[in-house]
Amino acid sequence: MASFEPAVPIRVDPETGIWTTDGLPMIYLPRHFYLNHIAAFTKALGEGPALRVLYEAGYESAWQWCEKEAAQHNLHGADVFLHYMKRISQRGWGQFTVLELNRSTGETRVQLDHSVFVAGHSGLEKQSVCSGFAGWFAGALEWVGHSMGFNWKLKATEDECAGDGQHGHCIFWIRPSNEIGIYHRVAIK
Ligand SMILES: [Zn+2]
């Protein structure tokens with residue numbers, strides 16, 4: 001199997017050993033390390049609460065990432081989301097392909113192949129196993145809306161998962177929603 005150098009720019013500070021990509025501190029870690037943490041959260045909290053925590057943490061992290069990367073690369077609007085999908089693909093989380101993106105409403109559909117959640121064991125079973133990614137999409141897209149002066153309220157779900165043995169890919173839908181209990185940075189008024 002041919003292999004390639006990472007497609008993301010990586011710098012390592014010779015003194016501190018800290019990794020950075022685009023000026024953002026990064027941690028390089030084994031896949032099982034991350035999945036073992038998800039499995040432990042799921043065991044301790046139960047799947048529903050663990051997914052809510054992951055959604056919020058993923059949402060906030062994606063929002064922060066978009067804010068920093070937009071400034072770093074002078075990117076705007078939906079291009080920041082496309083850049084995000086490219087970068088997380090290059091960083092080994094899976095291969096993310098944007099199938100549809102409505103630049104007026106934020107409604108988006110993403111195909112995911114080779115998901116880390118399908119490849120490893122995270123303990124998430126009752127719902128789609130890659131649901132841990134859902135908050136990432138919602139946070140990034142709500143940031144996109146916010147940056148363009150829209151107040152998108154979105155809900156992200158994994159509607160098909162390759163982990164169930166019946167689907168060839170994972171499919172995420174990110175749709176406008178006023179459902180109570182879905183995390184947003186700015187609460188619905
Ligand atoms: Zn999946």
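This is a predicted model: local features need pLDDT of at least 70, side-chain atom pairs count only at pLDDT 80 or more; totals for chains, interfaces and linings use all residues.
Entry 1: I began with the strand order and found an open sheet of four strands, E4-E5-E7-E6, paired antiparallel. Its edge strands are E4 (95-101) and E6 (154-160), each of which pairs on one side only. I noted an average twist of 20° from one strand to the next.

**Entry 2: E4 and E5.** I then examined the pairing of E4 with E5 (residues 108-113); the two run antiparallel and are joined by six bridges. For Glu100, I found the bridge partner in E5 to be Arg109.

**Entry 3: helices on the sheet.** I looked up which strands each helix touches. H3 packs on the sheet against E4 and E5, and its direction makes about 155° with that of E4. H5 also packs on the sheet, where it touches E5, E6 and E7 (170-176). The direction of H5 makes about 145° with that of E6.

**Entry 4: H3 against H5.** I next compared the axes of H3 (residues 78-90) and H5 (residues 134-147), which come within 8 Å and cross at roughly 155°. Angles over 145 degrees count as roughly antiparallel, and I therefore recorded H3 and H5 as roughly antiparallel to each other. The crossing of H3 past H5 is right-handed.

**Entry 5: the contact residues.** I listed the residues that make this contact: H3 contributes Ala78, Val80, Phe81 and Tyr84, and H5 contributes Ala140, Leu141 and Val144.

Note on methods. Residues are numbered from 1 along each chain as its sequence is written. Axes are lines fitted to C-alpha atoms, for helices over the stretch in contact, and angles run from 0 to 180 degrees between N-to-C directions. Angles under 35 degrees count as roughly parallel, over 145 as roughly antiparallel, 65 to 115 as roughly perpendicular and the rest as oblique. A crossing is left-handed if the near helix is turned anticlockwise from the far one by less than a right angle, and right-handed if clockwise. Two residues are in contact if their C-beta atoms, placed from the backbone, lie within 7 Å. Two strands pair if DSSP finds at least two bridges between them.
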